[in-house]
Amino acid sequence: MPEAVFDPVADSRHRLGVSALEAQLLFGFTSAVLFVVLIANQTHIETDDAVKLARFPEMAVRLIGTALAGLLGLYGVFFIGRVQASLIRFPAVWVLGIAVCYVGATVASAEKGTALSHLIAFTSIFVFTPTALGILGTRRFFEIALGSFLLTMVVSWLLYFLMPEYGMKLEGIDDAGSTMQRMSGTSHPNTLAGIAGFALLIVAGFLHSKCIRWKVALPLILFCLATLFMCRTRVAPIAVVMALAVVFRGFWFRRDVFPYAIVLVAMGLLVSLAVFIYSAEIPQAFAERFARSGEVEELTSVTGRNKIWIFVIEKIRESPLVGYGPGAAKNILAKEELLLHPHNVVLAVSIAGGALAGWFAIMMFLQQLWMSLRRAIPLIGLVSVFIFLNSLTETFIFGYFPGSSTIIWLAALYWFDLDDESLAPADVIEPGSPE
């Protein structure tokens, strides 16, 4: 029998119960807006001295794209029943709780203008993502995401080679003034590494669902790996490996693989034991290999993040009920001459919306991990684990302006109610089951 042809527009018309013309218009407009916001909302092309390549066009595209996303999201909330229902179901309802806390924090904020603008941007993406997923379907949504991520990386490489003042970031690594070169291009190296990680994991998910062939996937994987290497970051590559290991954990229990897995675990335990026995030499050698400054303190302080976390926790204690409002953390941290992000998603949400919002964030992570590793397609599990691990040391989602990682995270949350079964629904992950 001939293979069935995938027609996302026809599928969208069937799901939404609209005319062919309306389905075509909704599908095309949603695809374009999704593509734009995935690229524009994390694009910051600038030199080390914060000189923008195109400040006004960059900001204009970001704001217009987000505004259109918000309008489209409102359409979904008011006129698409599946989108309405998804907003009040778990695990996505935790984000609704965070949004409500943000509204209260904005009302009580001392900087209402800043808080309101950030709240509007957050709300626009919050309502747009389930609408886009409901209209486009799972497969087309992530195909557009993959295309936007690949284009982002291509532009970053072009900037790196042709305009290195914009494509390269010099980062200080110690008090002596030493620096290292990191590929940045369209954004901060950590953000670009996250984009490369997402692209790699989407390709892995598509491979598992047989939506892409190896001859196409392999060059894409190598391209993503090269980008990760040039970004000189540590969290994103570790998160990619951990996501693949956890989601495809059934592979490690296969009879022909399990002995090798045991050997790898044993070697890891022996190395850990050696670190404790020879505590004076090995940590320093480890630091010289993996720490940018070559100092153990960089690793034990999580590159100075412990100071930020301690300060942010103290500020949350001073205003636990309503926080300080969305976007307020930047000014608060700037006064202490600290890095301008809390570098942890739960702390970022808590300082913006209060301790209750932080608790909602914790529950959101826990339930999403539990559900995505038990009854989700591998792609949802991969991006969920990846985002969670990055969120431990970065404000990876729910930052000052909701970028691509926030959109992907929301899509993973809403997948449980809005999935159209376009990515091999029979391939459900079972704990410990062989692939």
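Me: A pocket is an open set of grid points, with protein on both sides within 12 Å along at least five of seven lines. What is the volume of the second largest pocket?

Reply: This is a predicted model. In it, the second largest pocket has a volume of about 240 Å³.

Me: Which residues line the second largest pocket?

Reply: A lining residue has an atom within 4 Å of a grid point. Leu200, Ala204, Leu207, His208, Trp214, Ile221, Leu244 and Phe248 meet that test. Helices H9 and H10 each give two or more of them. The largest share, four residues, belongs to H9.

Me: What makes a space a cavity rather than a pocket?

Reply: In a cavity a 1.4 Å probe fits but cannot get out. One space of 30 Å³ or more passes as a cavity here. The largest cavity holds about 160 Å³. Of its 18 lining residues, Gly327, Ala352, Phe398, Gly399 and Tyr400 are the closest to the centre.

Me: Which helix gives the most to the lining of the largest cavity?

Reply: H18 does, with three residues. H6, H17 and H18 each supply at least two. By class, the lining has 12 nonpolar, six polar and no charged residues.

Me: Why is Lys210 called exposed?

Reply: The cut-off for exposed is over 50% relative accessible area. Lys210 is at 72%, so it counts as exposed. Lys210 sits in the loop between H9 (189-208) and H10 (214-231). Its phi is near 60°, a positive value in a residue other than glycine.

Me: Why is His343 called buried?

Reply: Buried means under 20%. His343 has a relative accessible area of 8%, so it is buried. His343 lies in the loop between H17 (328-335) and H18. Its phi, too, is near 60° and positive.

Me: Where is a cis peptide bond found?

Reply: The bond joining Phe90 and Pro91 is cis, with omega about 0°. Pro91 is in the loop between H4 (81-86) and H5.

Me: Which residues of H5 are buried, and what covers them?

Reply: Val93, Trp94, Val95, Gly97, Ile98, Ala99, Cys101, Tyr102, Ala105 and Thr106 are buried. Their cover includes helices H6 (112-136), H18 (345-353), H19 (355-372) and H21 (404-418).

Me: What makes a set of residues a nonpolar core?

Reply: They must be buried residues of the nonpolar types Ala, Val, Leu, Ile, Met, Phe, Trp, Tyr and Cys, joined through side-chain atoms within 4.5 Å. The largest such core has 104 residues. Phe141, Met364 and Phe398 have the most contacts inside it. H9 brings the largest share, 13 residues. Another core, of 13 residues, lies apart from it and includes Trp309, Val312, Ile316 and Ile332.

Me: What does Phe141 touch, leaving out residues up to four places away in sequence?

Reply: Contact means heavy atoms within 4.5 Å. Phe141 touches Leu34, Thr129, Ala132, Leu133, Leu136, Ile407, Ile408 and Ala411.

Notes. Residues are numbered from 1 along each chain as its sequence is written. This is a predicted model: local features need pLDDT of at least 70, side-chain atom pairs count only at pLDDT 80 or more; totals for chains, interfaces and linings use all residues. Side-chain values use heavy atoms; hydrogens and water are left out. Buried means under 20% relative accessible area, exposed over 50%, partly exposed in between (1.4 Å probe, protein chains only). On a 1 Å grid over the protein atoms alone, a cavity is a set of points where a 1.4 Å probe fits but cannot get out, and a pocket is an open set with protein on both sides within 12 Å along at least five of seven lines; lining residues have an atom within 4 Å of a point. Grid points are joined across faces, edges and corners, and a volume is the space filled by probe spheres set on the points. Ala, Val, Leu, Ile, Met, Phe, Trp, Tyr, Cys and Pro count as nonpolar, Asp, Glu, Lys and Arg as charged, and the others, Gly among them, as polar.
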